[in-house]
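Please open the structure in your viewer and keep the sequence panel beside it. The tour below moves from one selection to the next and says what is found at each stop.

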Amino acid sequence: MWVNRVGVSRVLLGVVLVVILAGYGSSSDGAVARSSVPAGFEPVSFTAVSERDFWLLGTVPCHSGRCTAIIRTADGGRSFAAIHAPALPTSGMTPELRFADRLDGFAFVPWHGLFYATHDGGASWHRLALGRVLGFATGAGNVYVVTTRRLEQSRVSANTWHSRSLPFTSDGSPLDLVAHGANLWLLGTRPTNGPVLNDELARSKDAGRTFVAGAGPCVPGLGGELAPTSTQVVWAVCPTGMSAGASRSTNGGISFARLRTPPLVNSAQLAPASDSTAVLARGVGARLLRTTDGGKTWNAPKTPGRATDVIWVGFTDARVGAALAHGYDASAKTEVTALWRTTDGGATWSKVRVG
């Protein structure tokens with residue numbers, strides 16, 4: 001499943017993706033609106049549940065300036081339609097949208113108390129009072145939310161939440177929560193009176209009922225992003241304040257080995273397609289890189305032109321992935337964002353016409 005995360009910012013700040021479509025197919029969940037997607041749609045978050053089903057959360061011009069909007073496709077991007085959107089802020093911290101399946105989705109503002117759920121594909125949204133959302137993940141039919149002191153859990157199809165204490169006390173710095181099936185990983189930093197060498201990584205194999213804590217792969221206090229591709233293989237990218245580093249675990253997060261990569265900026269993104277294949281977005285002006293041997297070697301994939309910046313990249317499965325690539329459109333004489341798609345694990349990318 002594609003997801004957006006805090007820290008790596010799989011959010012698309014300032015992106016302009018104008019979508020003008022004439023007609024749309026129907027949807028089995030009944031949530032797809034039959035009106036055209038409004039011009040001026042600016043996406044800020046991306047989520048998908050299959051090769052064909054994905055959504056973009058963004059803003060559109062309205063009487064108050066900018067208002068929240070969501071568009072979706074059920075045919076792999078050949079057509080888009082608008083669905084209902086909850087009222088979310090259009091300035092400040094960027095909202096995120098996550099769907100666990102075609103019906104059950106969540107919209108929230110990281111580090112704030114705004115959290116909405118839909119169980120009818122976006123036809124209606126309900127605000128839930130869970131507290132400040134510091135981490136979010138879905139897996140094995142469950143949804144997990146980390147707040148300041150608690151781990152909240154519910155089935156994705158019902159707003160029935162159960163609360164547990166966090167496996168370690170956080171010092172308030174960024175957290176990352178990821179899931180693969182019933183396996184959970186929580187990355188953060190404990191409070192300390194002196195210097196520490198590693199952050200904390202708590203691991204669960206039973207959907208969060210019990211955890212085992214150990215050293216994490218990142219610098220304490222600076223956050224980081226994990227991306228599991230199986231119960232044993234977990235990829236990581238970690239900021240250091242000056243640059244970033246990538247690493248990989250083959251034992252479920254017990255230990256990590258540093259990967260050889262070119263220099264990375266703190267906002268670098270690591271998007272794994274499988275246990276051995278991943279794509280690396282290194283920052284503004286840098287080409288995508290791809291590995292097929294677990295990070296030992298990296299090569300540039302074939303892309304449809306040179307992007308100024310790849311703002312988001314992710315995979316649905318080992319073959320199919322997508323990226324949002326920012327660049328200058330000479331014909332329109334403006335900065336635009338193109339949607340790229342791959343069907344061979346990131347080796348070749350093609351541009352998807354949107355609108």
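Which cysteine forms a disulfide with Cys218? Select Cys218 together with Cys238, and you will have the two partners of that bond, with their sulfur atoms 2.0 Å apart, where a disulfide is taken to be a pair of cysteine sulfur atoms within 2.5 Å. The link of Cys218 and Cys238 is left-handed, with -60° about the S-S bond. Cys218 lies in the loop between strand S16 (212-215) and strand S17 (225-228), while Cys238 is in strand S18 (residues 234-239), so the bond ties together parts that are 20 residues apart in sequence. Strands are DSSP runs of E with at least two residues, helices are runs of H or I with at least four, and both are numbered from the N terminus.

Before going on, please note that this is a predicted model, in which local features need pLDDT of at least 70 and side-chain atom pairs count only at pLDDT 80 or more, whereas totals for chains, interfaces and linings use all residues. Residues are numbered from 1 along each chain as its sequence is written, and side-chain values use heavy atoms, with hydrogens and water left out.

Next, select Cys62 and Cys67, which form a disulfide with sulfur atoms 2.0 Å apart. Their link is right-handed, with 80° about the S-S bond, and Cys62 is partly exposed at 24% relative accessibility, as is Cys67 at 24%. The structure holds two disulfides.

Now move to Thr189, which sits in the loop between strand S14 (183-188) and strand S15 (200-204) and is buried, with a relative accessible area of 6%. A polar atom of the Thr189 side chain lies 2.8 Å from the backbone nitrogen of Gly221. Leaving aside residues up to four places away in sequence, Thr189 touches several residues, among them Phe168, Asp171, Asp199 and Pro220, a contact being heavy atoms within 4.5 Å.

Finally, show the whole chain, which has zero helices and 27 strands, and in which buried residues make up 55% of the 355 residues.

Key:
Buried means under 20% relative accessible area, exposed over 50%, partly exposed in between (1.4 Å probe, protein chains only). A polar contact is a pair of N or O atoms within 3.5 Å; within protein, one must be able to donate a hydrogen and the other to accept it, and residues adjacent in sequence count only if both atoms are side-chain atoms.
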